[in-house]
Structure formats: C-alpha cells, structure tokens
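Open the model in your viewer and keep the sequence panel beside it. This tour goes from one selection to the next and says what is there.

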Amino acid sequence: MLLHELVGHDRVVRALTQANASGTAHHAYLFQGPEGVGKRQAAFGFAALVNCVGDVAEPGRVACGKCRHCRRILTMAADPEATAHPDVLTLVPDGRQIKIAQVRDVLRMVPFPPIEARFRVVIVDPADVLGEEAANALLKTLEEPPSRTRFVLLTSRPAALLTTIKSRCQRMVFGRLPDEALIDLLVARHGWDRAQAERLAPVADGSVGAALALEGDPVMAARDEIMARFLGIAPGDTLEGLKLAAWISEHAGTRDTIINLLERLLRDALLVRLGVPQRLFHEDLRPQITAWAGRYGASALLARLEVLGETRRGLAVYNTNPRLTLERLLLALLAPPGAEGIQARVPTFGIL
Ligand SMILES: [Zn+2]
C-alpha cells in the first residue's frame, strides 16, 4: 500500500509527505499505535515515497507504485519473507527478540551509501522486542545518524522502549480506525461484503488485523447464540450463568472477543436505558436488549460496565484464570437488580 492510500491516518500521512516533499524528513521515526491499524504498511509506504523515481503529478508527495523502487518495496510489504529491495532492510524478531547479531548485520551497511536507492530504509518491526544489547547498538547509530539512511521503528507498546531511543525518534501516533473507515477498508481492500464488515468492525476496535482475525473466529460465528443465551437468562439464575460461562470457555483463545461483545451489549443497554437515539452495536437485537435493559437502572448498567473493565484488567495484568474469571463476570452481570454493590467487587478478589 502506498502512503497516500493509507486509510484513517491522514495526519500522519500529511506530516510524512510534507516532510519528504520539503526535504526535512527526520532520520528516525517511531510509528506507535495499536496492532493492526496499518503501521507496517505505512513504513513500507514511506520507504517507497522517499525512493520513488516515477513520473507523478506531485513528486515527493505521492509515490507512483510502478517504478523499479516502488514495485519491489510493495512486494516486500505484501510478503514479509521477501527481500526484494537491497536498500530496504527489515529487522524482525528471531525467536522472541531482535538479536544483537541481526542489528549488527544491518548497521554494518549503514556507513556506506545505499546500493540503488536515494535512501536506505531500515524498518524495525516491532522495536519493543529489541534485546538490551541490540537496542544500545541501534541507539549509537540513531545518535550519529548516517545521512542517507532512514529508520522507522514500529511499536504498539511504546512504554517498552528505551527512553533514549524514543528521544532520538520523531513520533508518529497511529490511532484506532473509526468504524466507518474500517468498514470501507474491509469492503474495498479485503473484499468483504458490507453487512459482514458492519457486524464485525465495531468488535475489532479499529484494527484491520483484529477484524481479519475475527473473520473466521468461532465466537463471532456463534455471536447470535451467545447473545441470545445471555439475554435469555433470568436475573440471578446462577446455574444458567455458570453453564454459559462453561460453554464460552470451550472456545479457547477468543476470550477477548467475548468480553468485547458483552461490553458492547452493556453499552447498547445503557444507550437504550438513557434513551439515546443512536445505532446500537447489536442493532439487530434491539427488542431483546430493550427488554433486558428494562430490568436495570442506568447506574446498575454502569456498575456492570465497571465489572467488565475490572475483569479485563484482571486478565491482562494479573493473568487470572480465564474460566473462573468468566464465571465471576457472568454471575456479576446476571446478578439481580440491586445486588451490584457486592457483585462489582467480586472479580478483583483473587489472583487465581
Ligand atoms: Zn515509484
């Protein structure tokens, strides 16, 4: 994907193209933002932009996609295994880390001019798995940047990078894609039908990567059944709540999707309860959600959203047992009206 074709990151694209067109591009960029929103595509798009020799209407602002540099860089963007362009170098983890030997191999070339292109572009993907030695070696080069090399470091976890490395890079912040942009992109670039894109995009939380992963996800396929079962359980019916938790637990690895679905459901219920005239995420279930929301006041629904947030933190930070955590979550969500004060604290009890 060429940089000007990137969807949903206009500010970043504008900053990079302006810098390139005016010859003020920084020697090192840090592309930070959530997984799956297009940082990697943007890095290759940038590599094409700075090296394009094609005939275009706006030189420096748009890459042609067809010249000898663009074509090979686009090949690399599409296929992570390809090493199609001698001046575009990628550092990717060998095992769990990017090792010092890999970094040295790349840095050895840096003092020399690029082989064919105007700029050598080194893409570190992701930069948060650089080992300590590797990070320090890279830092030295970033402190004394070679004139015809550009570094692009990618990360979804900027906190995991050395501050010294971050301070040497110009930061480009990639946000989550708005639902509409994600839907258009799934339809235009990935050939999805619009109805499917509209159903999955909100759960994917603005990430193309997450949407693609959800496409064949058994939980998404089972969304109708999960929602119908959840909405059909009477308040305080512990047994049915536990049964549903067990059923959900059988779908290994899709816990986050379920939590996302339930969170959307609670938000929908809150919107309905407050009478906000807005399209619901589970719009097709509006009558059932309206009936369900009718049992609880707005503050009870907010308490349930809070429980859900705590569950998410528990799983992410304390690595709580997923099956037990899901059971507790469902029991809290299905508690009779008025019992939220007690239930809201349940998921924080144990690190299991
Ligand atoms: Zn070109």
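**Start inside: helix 5**

Select A134, A135, A137, L138, L139, T141 and L142: these are the buried residues of helix 5. Buried means under 20% relative accessible area, exposed over 50%, and partly exposed in between, with a 1.4 Å probe and protein chains only. Helices (H or I, at least four residues) and strands (E, at least two) are DSSP runs, numbered from the N terminus.

Now show what covers those buried residues. The cover includes strand 1 (28–32), helix 4 (100–107), strand 3, strand 4 and helix 6 (163–167). Contact here means heavy atoms within 4.5 Å.

Draw a distance between the end C-alpha atoms of helix 5. They are 16 Å apart, which agrees with the 16 Å that its 12 residues should span at 1.5 Å a residue. The expected span is 1.5 Å times one less than the number of residues.

**What you are looking at**

This is a predicted model, in which local features need pLDDT of at least 70, side-chain atom pairs count only at pLDDT 80 or more, and totals for chains, interfaces and linings use all residues. Residues are numbered from 1 along each chain as its sequence is written, and side-chain values use heavy atoms, with hydrogens and water left out.

Zoom out to the whole chain. Its C-alpha trace spans about 70 × 45 × 30 Å along the principal axes. Count 17 helices and five strands. Of the 352 residues, 50% are buried. Take the contacts between residues at least 6 apart in sequence: 69% of them join residues at least 24 apart.

Colour by domain. Domain 1 covers 3–173 and domain 2 covers 216–348; the bounds come from an automatic or database domain assignment. Their centres, taken over C-alpha atoms, are separated by 41 Å.

**Either side of helix 5**

Go back to helix 5 (132–143) and step towards strand 3 (120–124). P126 lies in the loop between the two. What kind of peptide bond joins D125 and P126? A cis one, with omega about -5°.

E144 counts as exposed because its relative accessibility is 65%. E144 and R168 are 24 residues apart in sequence, and their C-alpha atoms are 9.9 Å apart in space.

Select L16, which lies in helix 1. Its relative accessibility is 0%, so L16 counts as buried. Beyond its neighbours within four places in sequence, L16 is in contact with L3, Y29, F31, F46, L49 and M172. L3 is 13 residues away along the chain, with 8.8 Å between the C-alpha atoms of L16 and L3.

Move along helix 1 (residues 10–21) to N20. Is N20 buried or exposed? N20 counts as buried, because its relative accessibility is 14%. Leaving out residues up to four places away in sequence, N20 touches A25, L49, V50 and G60.

**C52 and its neighbours**

Next, select C52, in the loop between helix 2 (39–51) and helix 3 (68–78). C52 has a relative accessible area of 11%, so this residue is buried. Show its partners outside four places in sequence: A63, C64, C67, C70 and R118.

Find N260 in helix 13 (residues 255–274). N260 is buried, because its relative accessible area is 11%. Not counting residues up to four places away in sequence, N260 touches V203, D205 and R312.

Finish on helix 15 (residues 298–317). Its 20 residues reach 28 Å from first C-alpha to last, close to the expected 28 Å. Select the buried residues of helix 15, among them R304, E310 and T311. After helix 15 comes N319, whose phi is positive, near 55°.
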